[in-house]
There are 2 protein chains.
Amino acid sequence: MKNPNIVILGAGYAGLITAVKLQKSLGVNEANVTLVNKHSYHYQTTWLHENAAGTLHHDRTRIQIKDVINTSKINFVQDTVTGIDPQQKSITLENGQLDYDYLVIGLGFEAETFGITGLKENAFTISNINTARLIRQHIEYNFAKYNNETEKKQERLNLVVGGAGFTGIEFAGELANRVPELCKEYDIPCEKVRIITVEAAPTALPGFDPELVEYAMNRLEAKGVEFKIGAMIKEVTEDKLIYEKDEQREEIPTNTVVWAAGVRGSSLIEQAGFESNRGRVKVRKDLRPNEYDDVFIIGDCALMINEETERPYPPTAQIAIQMAENTAANLKRLIHGNTHLESFTPDLKGTVASLGSKDAIGVVFGDKKLFGWSASAMKKVIDNRYLLKLGGVGLVLKKGKLNFLNL
Amino acid sequence: MKNPNIVILGAGYAGLITAVKLQKSLGVNEANVTLVNKHSYHYQTTWLHENAAGTLHHDRTRIQIKDVINTSKINFVQDTVTGIDPQQKSITLENGQLDYDYLVIGLGFEAETFGITGLKENAFTISNINTARLIRQHIEYNFAKYNNETEKKQERLNLVVGGAGFTGIEFAGELANRVPELCKEYDIPCEKVRIITVEAAPTALPGFDPELVEYAMNRLEAKGVEFKIGAMIKEVTEDKLIYEKDEQREEIPTNTVVWAAGVRGSSLIEQAGFESNRGRVKVRKDLRPNEYDDVFIIGDCALMINEETERPYPPTAQIAIQMAENTAANLKRLIHGNTHLESFTPDLKGTVASLGSKDAIGVVFGDKKLFGWSASAMKKVIDNRYLLKLGGVGLVLKKGKLNFLNL
């Protein structure tokens, strides 16, 4: 009897944890598991804003897949997925093709630019290792150019963050820490540099507790971050951003717009013909799409409604990891001929947003608010717990954030 | 009786050593000495190619002027010289004016692009700290962009050095050391990167001993540097360089051309009306121009003929430093009413060209040829001797290259 082929697309939080769990729970002769990923490495999306600001090297953020996967148990194919055919049960890769009996789609997010003029062409997004280090270098290059021009261009020193949501706030906090270092490196007076966060909603961090929002804004403003709240970005060009606030159009000269205000699921989802909204598929309770029983969609491409709030769960690492654990268990059931699958219930442990080094805000254990270094320490503990889950103590020691008690 | 005003323009090798020598040899009541420099720091021009390649941080190359000048003895004015009026004995600065009784011009070099189409606009030059770190960042930025584009652009990875003279060879050697680090940092296969040196003369390092030239080319070629010898650069655009060799036009796609094949004296020299050739003034034996007895022109703006070879001495740090010592001694004579000035005779101790870390070629003590690590060690000894002269043992320990015995 032929072993079933399990194919996992993407080695982000969702895909990689699925693979690691299957590696532990399945015997070698129970299934052929193949993990497909574009790069040889996994990266922690939740740390990319630090790589983009230049406060943490990207090699700390990425983990070679072969360091956490036992390739005698799991096949690893480094290739780019170009198409999914759920009817033929076939995956097209840039350099090949794979057939599956069971498919796990963990293809992650893409930036969503909502058709804002020039945004796609001229703004950067914190999407992966390549874009994060490009942002870091783009900022440095502009600082390096500044003193080489007779006519000083302020747009080189105006750093604009599109969106004051979770990622935008975290990135602005890192930038505030990074700017003094950049000024020293390039002989630029710090008071000339501006960090401007532009948010369309009537508040920063929409959805967060107002006390935490106020704390975050005060702390970032004290570090020099400016906020334009209720300001809708209208257009981005090579050297400026135009926004509208209180029915007034305003212009910020800038070469650096980092868009952190919209994500969507992978566009391969739509191309595959799944019923979806912005690349996110409303999945059943067992994380399978309505149309197919042999496909699981997890992580940022999955849409699940929180029945308490009647709103979708946000696409977070926490939920992606839990979905992966649920899916690995369900795959084991299916392989063993058990078609009664376990429903997925998110266990939300809380949310912590970093405000740069040694500062953060968060809500944990349901309603406990955290501020400052205790929130920052909690964030590092969360990050280390993930590494522990992924690769054990060795990985925590190698890639972990171990200075969490550093006051 | 009024103390004479001595004004020194430029704190390069020539100007700064003049100031340091006067500080030691003149009493406070003998003269008012004012040193004018654009930046708060002096830099070692001979190390800039390392900063530009990214193999040495520019803070190792620069020295705060106040760390070597006693400002209770010497006035330091940080400003940019905009004009010299030798008839009115007056210097115009961007933010002021200075009158002098004696003037020392040590304004250094500028790049000479010989009217090659597009070179001035599109090529970089290793001229100062600002341009050196811009080159470093420009190369990094292009490497960072490479993996962010669907259509890979080879011009981002082709690094072209214009000229295989002393600076071009030294820079190519550093680049060869730097490229593997950059490839690792940006996930680029090293075999995709090209370092191409384009030289118009029929040999690399024209004027050097042929055995040394062969050694240098072999060593650099082994590290992956390509040479186009007898190749005349015709045009540089944003994304390519065109050269002519054997009456054939060839094109290299490249975003990075570093021009290291021509320097000239400061253009302020011509604006001041001195008789000059490309900003270099043929000075008398005591380093004064024909027209004025109260002006000394030293360093790269001075032209002096080597009577043995009937060719001008090259504009080197070694000669600039010796000219400064001669001039400081002559200024002391003039202030003491002694108008019989000492003639300048260069004491050429040799030349060593670095080929990247731990490798070099050189001729010292007249005709002794050096290769490899012994030449490399000798180069570091020369650099440290200069620091010793400038700021004593403390400066050697702080900024010196102390790993010269590191094999």
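His49(B) sits in helix α2 (residues 48-53) of chain B; helices (H or I, at least four residues) and strands (E, at least two) are DSSP runs, numbered from the N terminus. This is a predicted model, in which local features need pLDDT of at least 70, side-chain atom pairs count only at pLDDT 80 or more, and totals for chains, interfaces and linings use all residues. Residues are numbered from 1 along each chain as its sequence is written, chains are lettered from A and ligands numbered from 1 in the order in which they are written, and side-chain values use heavy atoms, with hydrogens and water left out.

Colleague: Is His49(B) buried or exposed?
Modeller: Buried means under 20% relative accessible area, exposed over 50%, and partly exposed in between (1.4 Å probe, protein chains only). His49(B) has a relative accessible area of 3%, so the word for His49(B) is buried.

Colleague: How far apart in space are His49(B) and Leu175(B), C-alpha to C-alpha?
Modeller: In sequence, 126 residues separate His49(B) and Leu175(B). In space, their C-alpha atoms are apart by 9.0 Å.

Colleague: What span should helix α1 of chain B have?
Modeller: The expected span of a helix is 1.5 Å times one less than its number of residues. Helix α1(B) has 13 residues (13-25), and its end C-alpha atoms are 18 Å apart.

Colleague: Which residue is the bridge partner of Thr92(B) in β8(B)?
Modeller: Strand β7 (residues 90-93) of chain B pairs with β8(B) in the antiparallel sense over four bridges. In β8(B), the partner of Thr92(B) is Gln97(B).

Colleague: What is the relative accessible area of Val393(A)?
Modeller: Val393(A) lies in helix α10 (residues 372-399) of chain A. Val393(A) is exposed, at a relative accessible area of 53%.

Technical notes
Pairing = 2+ DSSP bridges.
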